[in-house]
Amino acid sequence: MNKVILLSIVLLGYAANAQPSIRTGQANPDAANQQLAEAARLNSSAVKLYAQARYEEAATAAKRAVAIREKLITPDDELLAEYVLNLAEIQITLGKTSEAVSLYKRALGSYERRFGLEDRRLVDILHRLGLAYYRMGMSYETERLYKRSLAIEEKALGPDHPAVGDALFHLADFYQFQRQFKQADPLYQRLIAIREKARVDPQLLSEARDRYSCLLRKSNRIKEAAELEDFSFKAMNPTSRTSQPLEGGVLNGRAVNLVVPPYPPEAKTSRTTGRVTVRVLIDQHGRVIRACAIDGPSVFVSVAESAALSSTFTPTLLSGQQVNVSGIIIYNFR
């Protein structure tokens with residue numbers, strides 16, 4: 001659920017060296033090439049504006065880049081699809097999910113026509129489209145796309161490849177957010193086993209254990225969760241004298257867009273109130289890529305985690321470089 005595609009940075013040199021399929025009937029090829037260069041410049045500008053959190057300006061530039069290139073180039077052009085994906089990412093950040101869905105579907109259709117229905121290049125788009133559907137409450141479509149991406153990876157790479165683990169992660173997280181813990185449990189265990197065997201980046205293995213411990217806590221298997229968290233922390237910090245990681249603090253005040261979770265109808269009926277604390281990991285662009293409600297009334301857990309995942313934050317700088325940051329978001333339901 002919480003993996004993200006980084007905004008594609010399309011280099012101007014690549015655009016210049018590409019050999020696009022220009023639509024027939026162009027009276028002036030030199031003018032067409034100049035317009036294509038302008039589209040590449042606008043796309044590059046959109047990427048830079050996005051990195052600066054100037055999202056509305058980025059959207060304007062990205063839309064113009066798409067409009068220019070689609071006027072001149074055949075629909076299934078590779079670079080046009082990348083421009084469309086860039087625009088979809090910006091629209092997601094702006095909260096325009098339905099518009100992003102249309103763009104993801106457009107890019108997916110282009111990839112399917114060019115590469116076939118089982119090509120691995122479809123997987124990232126399937127994940128992004130699945131997440132967008134989830135934000136729209138279309139869980140059936142999310143599950144279908146995540147299962148499809150997992151099947152593609154398994155067929156192409158075999159059952160134990162690390163990329164299969166990535167696809168498992170998406171599906172397992174989806175089931176956890178749906179509170180379908182029995183479906184999620186074996187997927188997390190398989191994910192951890194794959195990453196242990198493949199000796200992947202320790203951060204990825206820690207991520208898998210973190211998500212499984214979150215499920216264990218939600219399943220009221222507190223002792224198992226604590227043991228796994230302690231083991232994971234010690235594996236990541238072998239010289240540390242403490243058994244638990246330090247918390248990054250309350251992050252509410254650093255939000256660019258702190259999404260307010262809806263008050264569930266069942267909570268209204270029971271007149272339930274309370275506070276939910278959500279542990280989050282925020283990437284270098286300010287997007288939440290992990291969220292786990294660690295306390296609070298169960299009736300609020302799902303909506304709090306979903307709201308946290310849809311929120312965006314000011315990027316954190318360390319020595320001038322954007323870095324990931326962990327911390328907590330607190331939601332008060334009254």
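The disulfide in this predicted model joins C214 to C292, with an S to S distance of 1.8 Å; the term denotes a pair of cysteine sulfur atoms within 2.5 Å. The structure holds 1 disulfide. This pair links distant parts of the chain, with C214 in helix 10 (residues 202–218) and C292 in strand 3 (residues 288–295), 78 residues apart. Helices (H or I, at least four residues) and strands (E, at least two) are DSSP runs, numbered from the N terminus.

Colleagues, a word on the basis of these values. Residues are numbered from 1 along each chain as its sequence is written, and side-chain values use heavy atoms, with hydrogens and water left out. As the model is predicted, local features need pLDDT of at least 70 and side-chain atom pairs count only at pLDDT 80 or more, while totals for chains, interfaces and linings use all residues.

Which hand does the disulfide have? The torsion about the S-S bond of C214 and C292 is about 100 degrees, so the disulfide is right-handed.

Are the two cysteines buried or exposed? C214 has 2% relative accessibility and therefore counts as buried; C292, with a relative accessible area of 3%, is buried. Buried means under 20% relative accessible area, exposed over 50%, and partly exposed in between (1.4 Å probe, protein chains only).

I turn now to the second largest cavity. Its lining consists of Y50, A51, A53, Y55, H285, P315 and Q322. By class, this lining has 5 nonpolar, 2 polar and no charged residues. Ala, Val, Leu, Ile, Met, Phe, Trp, Tyr, Cys and Pro count as nonpolar, Asp, Glu, Lys and Arg as charged, and the others, Gly among them, as polar. A cavity is a set of points, on a 1 Å grid over the protein atoms alone, where a 1.4 Å probe fits but cannot get out; lining residues have an atom within 4 Å of a point.

Conventions: 1 Å grid on protein atoms, 1.4 Å probe; cavity = no way out; pocket = protein on both sides within 12 Å on 5 of 7 lines; lining within 4 Å.
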